[in-house]
Amino acid sequence: MCSYDQRGLGRTARTLDIASALTARFPDCAILVLSNLSIVGRFRAPQGVDVVRTPSIGPAAGPEAGRASIERERALQIRRMLAERTVETFHPDLVVIDRDPTHLPAEMEAVLSFVRGKFPKTRVVWALPDMVGSPRVVGPRWSAEGVCQTLDRFCDEVWVYGVRGVFDQVREYEFPAGLAEKVHYTGYLRSPSVPPHRVPNDLLRAHPDRPLVLVTAGGGASGYPLISNYLDFLERVNGDATFQSVVISGPMMPARWNAELSERARRLPHVIFHRFSKQVLQYLRHSQLAITRGGYNTQCANLTYRKPAILVPDEEPPHEHLLRADVFARLRWCGLVRPGELSPASLGDSVMSALAGGSDQPRPERAERVSLDGLEHIGERVRSLVVPRRVPRNGTAHDGHRLEGDGRRPGL
Amino acid sequence: MVARGKRLLIYSQDGFGLGHLRRNLNIAYRVWRSQPDVSVLVVADSPAAPFFALPPRCDFVKIPTLVKVDSGVWCSDRLSLDHREVLSIRTRLLEGLVESFRPDHVLVDHMPHGIFGELTGALRLMRRRRRRARIMLGLRDILGAPAEICRRWRLEGAYEAAEQYYDGVCIYGCADVFDLVREYEFPASIAAKASYCGYVSREQAPPALDEADLARMFSQRHDGLVFVTGGGGADASFFMDKFIDAVRLMFPRVPFDAVLSTGPFMHPEQYMLLRKKAKGLPIHVTRHGQDNIRMLRRADLIISMAGYNTISEILRYRKRAIVVPRSGPSAEQTIRTRLMGERGLFTVVQARELTAEGFAALIRRKLDEPRPDDRPGIPDMDGAANAAERLLAATG
């Protein structure tokens, strides 16, 4: 499985979750995850899964370009080599790619044509989140890069980790008919369940009768405005807030910003601040309200735990977060503070009225019927892609053990 | 002479631990300080890599993990693959890395041709290149019992590899503590290119914990601070358990607060047990090792195992310490503590001799000792600087 993140950590995080579900279902399969995430070591790979980490690619131009650890061309060469040789020696039955198809398209095309040329039996899947971004931006970008042609040419299937009824990628992004046939909507990815007695220690020491607001910024690379505005709001309330907060800034937030926010949080009563926590879901479970950006994984967690949420998306093109927040807000799964409207006052108003529980408030239980069975469907897809087709339908082909007996590897 | 714009490749083979990686990043940091234009690529195999902050101009590649289960016996960490299959992936990736990164300088830590000779192909490729890379072997002060190391090196052809492929050998220790060249019977050809660099310790360390940090860990502060660490933590629970017994014995008249850092690799169940056991005592139990150096700098007494980096940091910051060496499978820690204990650099206790009473008495006594300021027995601690200089020396 290939997961390349750009600013965040979402693709690698969900790829590891999916890998974990796959090895649980097919205990003998081996999965290698190829990731560029610098903090990939913070995630413990599940049993049956190991990680190959590739170097980062610095920006092509601009003041930062000269500060890259390894010069860009060489880093690209190393990445390509790592991908090709991993495929060559690991010889996977299935390759699943989760990355922005417009990011370094030449790199991916080279690797895909290598896989196709050398290992015609290896199945190739491209994975996309429920929505990629505003059709007005994605459409032109994808046609400029020839994304649909590339996907159609190299991939056996395209998995959309979402639900057609929520967002119809095939229609919105105008997939040509050939590609449209390869698309499978898997449903959203249910977050792991957290046993109720697992309460984070600092929460045990906190006030049990105060409602809990959880504020997270995902990876944190661009989470400063959200958290700064939230702390600003608390500073203005000046200790009179009737709730308590857990604020998680994110491991990719630049150290300087993180230090400032952490110091501000420290001076406030009833605020627990972390840069990184493996217990985000525990906090979420015990919270009454979640304030998040619009990242895919975070929304899966909010849906899984049916938490009222206020989404504070950014405006970064192709507006993936904004679109998701818009769509979810329209379905009344969550509240929304638009990028231009983010201020301590607007955020504070949303928090106070969400906690007061007015009739216009987010009703996450309305999302009850949306599928969160993504992991199960992915398992099904893997089984049908990897099991040899010559086995008769009524034979052992539909028995998961068949896969193990073959020593096949739904992976790279 | 200068190595501007050059590339350094570091092979850091840790398996499950982080010790080699820590030391290599200390050296990489020093490389950046003296030659900010050098770009460094670390090839790591620890599942937790990079774990520590990377120095500027340094990036890393992680290859699939192989874990040492016994002397000379390896298996894959999580993959349900035979170790030979993992090995063939690693071998190919390592060869590819020397071809695509084209390093000018190479540091191999610490097996001359890697696990099962996985580096041989890469080393050959580099030797065949027209512009030859300068290839250095890095060895920590003590690898293990001399008889065992000599046997393994002979068996695996490590002497030949060291002779054939390397321009030099950096020993991160001192001959007057442990004369590695003699103890491991290096032939004259290797001895001639080996040099002792001194101990490598943290080049750039974050500041010691301050009172505000401590106030967040302890509701009520005592005067002293004891820091208990077992490095990665895989086998540290035994002496930590005994430590909690000792504190329980002193309770309620405990003259210190203690931070017990289990390390990221301690089994979660053991970690939970320690946590439970420490309830009600002035002991803060934590998992993450990232802040260890800050706690160590602040502490009045360190209680630790005898891993290379912890010992270096104890020496560098002139800390009082009680050291409980790991007894096996390798004799590395036993030898290190014996030699340094004889110099009076810290107090050594064997795990099997630990009793709660004895431990408690020892802790009280150590806390009353004067700080080991610049006593004469402290070995050369400039290892990172010396190693960086040797690494970057002119190529060819």
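1. Strand 6 (residues 105-109) of chain B runs parallel to strand 7 of chain B, and five bridges join them. This is a predicted model. One pairing to find on screen: B:His105 has B:Arg134, in strand 7 of chain B, as its bridge partner.

2. Next, follow the chain between these strands. From strand 6 of chain B it passes through helix 3 (residues 120-128) of chain B, then reaches strand 7 of chain B. This β-α-β crossover is right-handed.

3. Strand 7 of chain B also pairs with strand 8 (residues 168-172) of chain B. Again the sense is parallel, with five bridges. Here B:Leu139 has B:Ile171, in strand 8 of chain B, as its bridge partner.

4. Now look at the side chains. Which residues point one way from strand 7 of chain B, and which the other way? B:Arg134, B:Met136, B:Gly138 and B:Arg140 point one way. B:Ile135, B:Leu137 and B:Leu139 point the other way. All are buried.

5. Turn to the largest nonpolar core, which has 241 residues. A:Tyr230, B:Leu9, B:Ala28, B:Val31, B:Val43 and B:Val226 touch the most other members. Helix 2 (residues 83-101) of chain B gives this core its largest share, eight residues.

6. Take B:Ala28 as a case. Leaving aside neighbours within four places in sequence, B:Ala28 is in contact with B:Ile10, B:Val40, B:Val42, B:Pro55 and B:Cys58.

Methods:
Residues are numbered from 1 along each chain as its sequence is written. Chains are lettered from A and ligands numbered from 1 in the order in which they are written. This is a predicted model: local features need pLDDT of at least 70, side-chain atom pairs count only at pLDDT 80 or more; totals for chains, interfaces and linings use all residues. A residue is buried if 20 or more other C-beta atoms lie within 10 Å of its own, exposed if 12 or fewer, and partly exposed in between; C-beta atoms are placed from the backbone. Helices (H or I, at least four residues) and strands (E, at least two) are DSSP runs, numbered from the N terminus. Two strands pair if DSSP finds at least two bridges between them. A crossover is right-handed if, with the strands pointing away from the viewer, the path from the first strand over the helix to the second runs clockwise. A nonpolar core is a set of buried Ala, Val, Leu, Ile, Met, Phe, Trp, Tyr and Cys residues joined through C-beta atoms within 7 Å. Two residues are in contact if their C-beta atoms, placed from the backbone, lie within 7 Å.
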